[in-house]
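Dear colleague,

Please find below the structure that I am handing over to you. My findings follow it, grouped by topic.

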Amino acid sequence: MSQFPTLGSQQRVAAGGRNKVQLKPGRSLMDWIRLTKSAKDMTGLRGRLITVTEEELAKHNEKTDCWMCIRGMVYNVTPYLEYHPGGEEELMRGAGADGTELFDQIHSWVNSESMLKECLVGRMAAKPKARTKAFENQSGLKLPKQTPLNGTSVPDGFEKQSKDISFRHEWFQTEDTITVVIYTKKKDINSDFVIVDLERGVLRTEVRQHEYSYILHLELSHEVQEVVSVHCASKVGKIEVSLKKLNSVLWSDLGQPREHHNCYIKNTDGDLSYRKCTLLSKIDVSHDTRLLCFLLPPGCYLTIPVGQHIYLKRSVQDVEVVRPYTPVLSSLYTEPKDGGLTCTNIYLMIKIYPDGLLTPFIDKLQIGDCVSVSSPVGNFKCSQLVGITELILMAAGTGFTPMIKLINLSLKMSSFRKIRLMMFNKTEKDIVWRDQLDLLASKDKRFEVEYILSEPHLEWTGKRGKIEMSLCSEFVTGRTEELQTLVCVCGPTSFTEQAVGFFKQLGFNNGEIHAFKG
């Protein structure tokens, strides 16, 4: 369970566990983009690029003169301090030093070269000392170097943590097909772990583990059809990736290695792969929320486990903008193939913000338009549901989205006795899928839903207000000890912080509470 800032604090938990602060007016991302396009000298060097020594970098460590090295490039981040979503103090932790690890651990999915290109001072003469101690993640792992393990490149420290993991691969062919087989020695392997992208003759296969992924990345030696199929033999820990030859020729080799081929890499949001997905449909689910259906390319195989999110990416005035969204189902009654994991379509329920950077673009998409969609990521595991008999779901606004698959899955499990959803919205017209929720509650007595409005009309007969202790305490009134409960919370960060705090005060521990982020 992630630790939250104190209630009422300016800091808040956002996607990926980032802390944000309230910025001054005129300090949004779009304001920063406008500033970078203003031709203002952002470096103080009048366009010159210089080579920076470690000693020179260390001199620039104050708010009025702040340089930082990211991936060997030095930036004058002084003008960016007031625009940094995490606040000036957070950014100053890397002042005058190598901030790469800080950057990767807090918001690795941001493109630093795009965001700070007008602040580029130059290149480092040699690698500077990194401010690593303060930036280590919860596992204590640092950015890994690569060393060989049974012919496979792995990060330093990986061998000690993963002595039982030694993936290997081989390939076979028939007259018409190519089959790549990955042996994982993991008997719990399933489609949740596998992502395959086949595009323009390049095959990238990723087997995701908790902290590391095994990568196969090849430019194939001959042409194949851009169609891929995957089979997981869980009992023996084997993954088969099948391709169809374009021509019936005998291959002498599989292909040429590309980046990270036959390697283990550390999982970060910044290393997620993206693919172009095509918009198939777009419908209104409320006055400001759309349900969009995107088609994956034919050469893509991925799974979207319950509770995980993806990122959408686009360029705004040459600055890469990335936002997280949780995939949903086409409806609450959908009977998804393979439990909703293997998919060809991705459904996203997105609220449109007129002044947003990304959602106005999404709202203007036409059928057939494409958008970049990342691989799924998230820290919710279905194993958290093992032994659970009661789900308490607290959702505010589009914080309802991760609850959709969770409701669908839990109602198929006979072990669940109660699934209780409390939805918080401003007005009645903001409630999405109300008809479906009410129908579901009438059909399955294990499911209950209640709506709370903060700005209801006079005729509203339901509950009014915002998240508070009295509402949360209703869930423990008359609660029997034999119920094993999991509380799931999603919504604006202030809502999430308060809900988590209230349930902890009611006696729930970290293992009994999951806060969705992203």
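Predicted model: local features only at pLDDT ≥ 70, side-chain atom pairs only at ≥ 80, totals over all residues.

Lysine 443 is placed over the face of tyrosine 333, with 5.8 Å to the ring centre.

Confidence

The protein has a mean pLDDT of 84, and 84% of its residues reach 70 or more. Confidence is highest in strand S29 (residues 447-453), with a mean of 97, and lowest in strand S1 (residues 12-13), with a mean of 35. Over residues 1-19 the pLDDT stays under 50, and the model has 50 contacts beyond four places in sequence for this stretch. Residues 156-164 also have a pLDDT below 50; ten contacts beyond near neighbours in sequence are found there in the model.

Aromatic pairs

The count of aromatic pairs comes to ten. In one of them, phenylalanine 167 and tyrosine 214 have ring centres 5.2 Å apart and planes at 80°, so this pair is edge-to-face. Phenylalanine 167 belongs to the loop between helix H6 (158-161) and strand S10 (168-173), while tyrosine 214 belongs to strand S14 (residues 212-220), so the pair ties together parts that are 47 residues apart in sequence. Both partners are shielded: phenylalanine 167 is buried at a relative accessible area of 2%, and tyrosine 214 is buried at 1%.

Phenylalanine 400 and tryptophan 433 form another edge-to-face pair, at 6.4 Å centre to centre and with 85° between the planes. Here phenylalanine 400 comes from the loop between strand S27 (390-396) and helix H8 (401-410), and tryptophan 433 from the loop between S28 and H9, so parts 33 residues apart in sequence are tied together. Phenylalanine 400 has a relative accessible area of 0% and is buried. Tryptophan 433 is likewise buried, with a relative accessible area of 8%.

Nonpolar cores

Which residues touch the most other members of the largest nonpolar core? They are Phe400, Ile407, Leu421 and Phe447, in a core of 38 residues. Two or more residues of this core are given by each of S27, H8, S28, H9, S29 and strand S31 (485-490). Leaving aside neighbours within four places in sequence, isoleucine 407 is in contact with Leu393, Phe400, Ile419, Leu421, Leu440 and Phe447. Another core lies apart from the largest one; it has 26 residues, including Ile189, Leu218, Leu220 and Val224.

Backbone angles

Most residues other than glycine have a negative phi. Tryptophan 433, although not a glycine, has a positive phi of about 55°. Its place is in the loop between strand S28 (418-425) and helix H9 (434-443). Arginine 46 also has a positive phi of about 55° without being a glycine. This arginine 46 lies in the loop between helix H1 (29-36) and strand S3 (50-52). Is each of these residues buried or exposed? Arginine 46 is exposed, at a relative accessible area of 79%, whereas tryptophan 433 is buried, at 8%.

Arginine 446

Arginine 446 is found in the loop between H9 and S29. A polar atom of the arginine 446 side chain lies 2.6 Å from the backbone oxygen of leucine 411. Beyond its neighbours within four places in sequence, arginine 446 is in contact with Ser410, Leu411, Met413, Ser414, Phe416, Arg417, Lys418 and Ile419.

Histidine 231

Histidine 231 lies in strand S15 (residues 224-233). With a relative accessible area of 46%, histidine 231 is partly exposed, because that value falls between the 20% limit for buried and the 50% limit for exposed residues. Apart from neighbours within four places in sequence, histidine 231 is in contact with Lys238, Ile239 and Glu240. Histidine 231 and valine 181 are 50 residues apart in sequence, and their C-alpha atoms are 9.6 Å apart in space.

Yours sincerely

Notes
Residues numbered from 1 in each chain as written. Heavy atoms only, no water. pLDDT = per-residue confidence, 0-100. Helix = DSSP H or I, 4+ residues; strand = E, 2+ residues; numbered from the N terminus. Contact = heavy atoms within 4.5 Å. Buried < 20%, exposed > 50% of the residue type's maximum accessible area, 1.4 Å probe, protein only. Polar contact = N/O pair within 3.5 Å; in protein donor to acceptor, adjacent residues only side chain to side chain. Phe/Tyr/Trp six-rings, centres within 6.5 Å; stacked < 30°, edge-to-face > 60°. Lys NZ or Arg CZ within 6 Å of the ring centre and 35° of its normal. Core = buried A, V, L, I, M, F, W, Y, C linked by side-chain atoms within 4.5 Å.
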